[in-house]
Amino acid sequence: MFRTVELKHPGFYQWFRIIIVIFSSILYAWNLCCFAKTVGLIPGGFSGVSLLLQHIGTSFFHVNIPYTLFSILLNAIPIYIGFKYIGKKFTIYSIITIILSSIFVDILPSYVFTTDPLLVSVFGGIINGFAISMCLNVGTTTGGTDLISIFLSEHKGIDAWNFILLGNALMLIIAGALFGWETALYSIIYQFCSTQVIQVLYKRYKKETLFIISDKSKEIYKTIKETTHHDATLFQGIGCYEEKEKTLIYSVINAEAKRQLIPLIRSIDKHAFINIVKTEELAGRFHNKPND
């Protein structure tokens with residue numbers, strides 16, 4: 001959806017992008033204030049580290065250090081990585097998101113909806129994942145591990161999930177040792193719910209394989225190429241039922257392109273047989289849409 005808007009109305013898309021960045025920053029900060037902080041949960045990533053450091057300062061040193069200070073300092077290296085390797089415009093929008101969300105965490109009042117840590121973990125995690133997904137879908141991030149993860153996956157071919165998981169586990173061990181294991185365990189539920197929402201709503205790095213049988217294979221291939229910038233392979237075969245020659249189009253695309261592509265294929269050949277298979281792993285050249 002966002003890609004189509006950007007191509008046809010670039011000016012409108014930039015304003016739309018800014019609105020989403022501001023709204024998601026407020027939602028992200030509001031969720032931390034009204035859910036995570038009210039029961040002492042530790043979200044994943046650098047926001048969790050910032051809250052943990054802030055909590056340590058308040059509890060052990062009786063010093064109330066602003067969340068904004070920790071957040072900006074921790075994000076300095078990821079921002080540098082983003083500028084150098086990911087994209088300047090992408091990183092600028094990420095900086096705006098980081099600064100806005102950090103300031104709002106410090107100035108928004110905390111409203112206690114419930115003191116039940118399980119309810120806070122579930123609904124806080126869902127809202128957190130939704131806010132992060134909004135950012136990712138318009139080409140920005142909430143900073144920290146998101147920038148590092150994108151850099152490792154796009155430029156090093158490394159799945160950063162295990163490293164992020166290890167970092168979050170270490171953070172939760174520290175939080176559990178200092179403030180109680182119950183807090184750490186509920187924080188795991190919060191992080192899990194957030195991750196599940198992101199996996200559902202953000203599909204940039206998910207890939208799907210298309211198998212299309214059609215008598216209009218050349219027109220369909222042209223549409224795939226122009227719409228997704230992905231190539232395809234044609235296989236010639238015999239249809240067992242009709243015993244006629246058939247053409248099978250094989251192509252791997254980004255999952256987010258499917259919504260736009262399938263109706264176009266149907267408009268070319270409404271009788272086309274389309275099989276879509278989830279791609280778990282892919283090796284070889286593959287076109288990824290630039291972040292900027």
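Predicted model: local features only at pLDDT ≥ 70, side-chain atom pairs only at ≥ 80, totals over all residues.
**Entry 1**

I started in strand 3, where Gly-237 has Lys-246 as its bridge partner. Next I looked up Ile-238, and its bridge partner in strand 3 is Glu-245. I then went to Thr-233, whose bridge partner in strand 3 is Tyr-250.

I wanted the whole pairing after that. Strand 2 covers residues 233-238 and strand 3 covers residues 245-254; they run antiparallel and six bridges join them.

**Entry 2**

How many bridges pair strand 1 with strand 3? I get seven, again in the antiparallel sense. One position I looked up here is Ile-213, which stands opposite Leu-248 in strand 3.

I put the strands in order and got 2-3-1-4, an open sheet of four strands with antiparallel pairing. Which strands sit at the edges? They are strand 2 and strand 4 (273-279), each pairing on one side only. I noted the twist as well: from one strand to the next it averages 20 degrees.

Then I asked what packs on this sheet. Helix 11 (residues 217-228) does, and I see it touching strand 1 (207-213), strand 2 and strand 3. The direction of helix 11 makes about 5 degrees with that of strand 3. Helix 12 (residues 258-268) also packs on the sheet, touching strand 1, strand 3 and strand 4. For helix 12 I noted the angle to strand 4, about 165 degrees between the two directions.

**Entry 2: salt bridge**

I went looking for salt bridges and the structure holds one. Lys-258 and Glu-208 are the pair, their side chains meeting at 3.4 Å, N to O. Where do the two residues lie? Lys-258 is in helix 12 and Glu-208 is in strand 1, so the pair ties together parts 50 residues apart in sequence. I had already noted helix 12 touching strand 1 in its packing on the sheet.

**Entry 3: helix 5 against helix 6**

Helix 5 (residues 76-86) packs with helix 6 (residues 88-107) at about 160 degrees, and I note their axes as 7 Å apart. Angles over 145 count as roughly antiparallel, so I log helix 5 and helix 6 as roughly antiparallel to each other. Their crossing is right-handed.

For the contact, I listed Ile-79, Gly-82, Phe-83 and Ile-86 from helix 5. They meet Lys-88, Phe-90, Thr-91, Ile-92, Ile-95 and Ile-98 in helix 6. Sorted by class, that contact of helix 5 with helix 6 comes to seven nonpolar, two polar and one charged residues.

**Entry 4: helix 4 against helix 6**

Helix 4 (residues 67-74) was next on my list. The axes of helix 4 and helix 6 come within 8 Å and cross at roughly 155 degrees. Helix 4 and helix 6 are therefore roughly antiparallel to each other in my notes. Left-handed or right-handed, as helix 4 passes helix 6? Right-handed.

On the helix 4 side I found Tyr-67, Thr-68 and Ser-71, which meet Ile-98, Ser-102, Ile-103, Val-105 and Asp-106 in helix 6. By class I get four nonpolar, three polar and one charged residues for the contact of helix 4 with helix 6.

**Entry 5: helix 4 against helix 5**

To finish the set I checked helix 4 with helix 5. They pack at about 40 degrees with their axes 4 Å apart, and helix 4 and helix 5 are therefore oblique to each other.

The residues I noted are Ile-72, Leu-73 and Leu-74 in helix 4, meeting Ala-76, Ile-77 and Pro-78 in helix 5. By class, the contact of helix 4 with helix 5 has six nonpolar residues, no polar and no charged ones.

Methods:
Residues numbered from 1 in each chain as written. Heavy atoms only, no water. Axes fitted to C-alpha atoms, helices over the stretch in contact; angles between N-to-C directions. Parallel < 35°, antiparallel > 145°, perpendicular 65-115°, else oblique. Left-handed = near helix turned anticlockwise from the far one by under 90°. Contact = heavy atoms within 4.5 Å. Nonpolar A, V, L, I, M, F, W, Y, C, P; charged D, E, K, R; others polar. Pairing = 2+ DSSP bridges. Salt bridge = Lys/Arg side-chain N within 4 Å of Asp/Glu carboxyl O.
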